Amino acid sequence: MDQAFQKTMLFDFYGDLLTERQKEFYDLYYNEDLSLGEIAENANITRQGVRDVIVRADAILTEMEEKTGIIARFLEVQSGLQEVSALADQIAELNDTHIGSRDLADLIGSLQSKVEALKE
């Protein structure tokens, strides 16, 4: 996963573990794409001060993912759900072209609905 996506995921999953200042600076830097200088000017501190806060926040978020692996597991489950959805589509196509069972079509619809609900 690319760095921007990784930082966004870390913030989404573990951001509540940060102080309000860490959350604000991390969000402005990685999600709002403000420069260190812009954040520093708005907060009336030095660029180095902003950088220190962001580096500390990043270390906290990265350490949490290393310890828990929640994001890795989430991405694995999302991938599995996509595979299940693709298989359900294949079964639906086979049913439509060869079998024509209404009961099977209903079960496939239920399966696809459940997969969509789990993706959210």
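Is Glu 20 buried or exposed? Glu 20 is exposed, at a relative accessible area of 58%, where buried means under 20%, exposed over 50% and partly exposed in between (1.4 Å probe, protein chains only). The model is a predicted one, in which local features need pLDDT of at least 70 and side-chain atom pairs count only at pLDDT 80 or more, while totals for chains, interfaces and linings use all residues. Residues are numbered from 1 along each chain as its sequence is written, and side-chain values use heavy atoms, leaving out hydrogens and water.

With a salt bridge taken as a side-chain nitrogen of Lys or Arg within 4 Å of a carboxyl oxygen of Asp or Glu, the count is seven. Glu 20 pairs with Lys 23 at 3.1 Å, N to O; both lie in helix 2, three residues apart, about one turn of the helix. Helices are DSSP runs (H or I, at least four residues), numbered from the N terminus. Lys 23 also bridges to Asp 16, with the closest N and O atoms 3.8 Å apart. Lys 23 is buried at 19% relative accessible area, whereas Asp 16 is exposed at 71%.

In helix 4, Lys 67 and Glu 63 are four residues apart, about one helical turn, and form a salt bridge whose closest N and O atoms are 2.9 Å apart. Lys 67 is exposed at 61%, and Glu 63 is partly exposed at 37%. Shared partners join Asp 16, Glu 20 and Lys 23 into one network.

Key:
Helix = DSSP H or I, 4+ residues; strand = E, 2+ residues; numbered from the N terminus.
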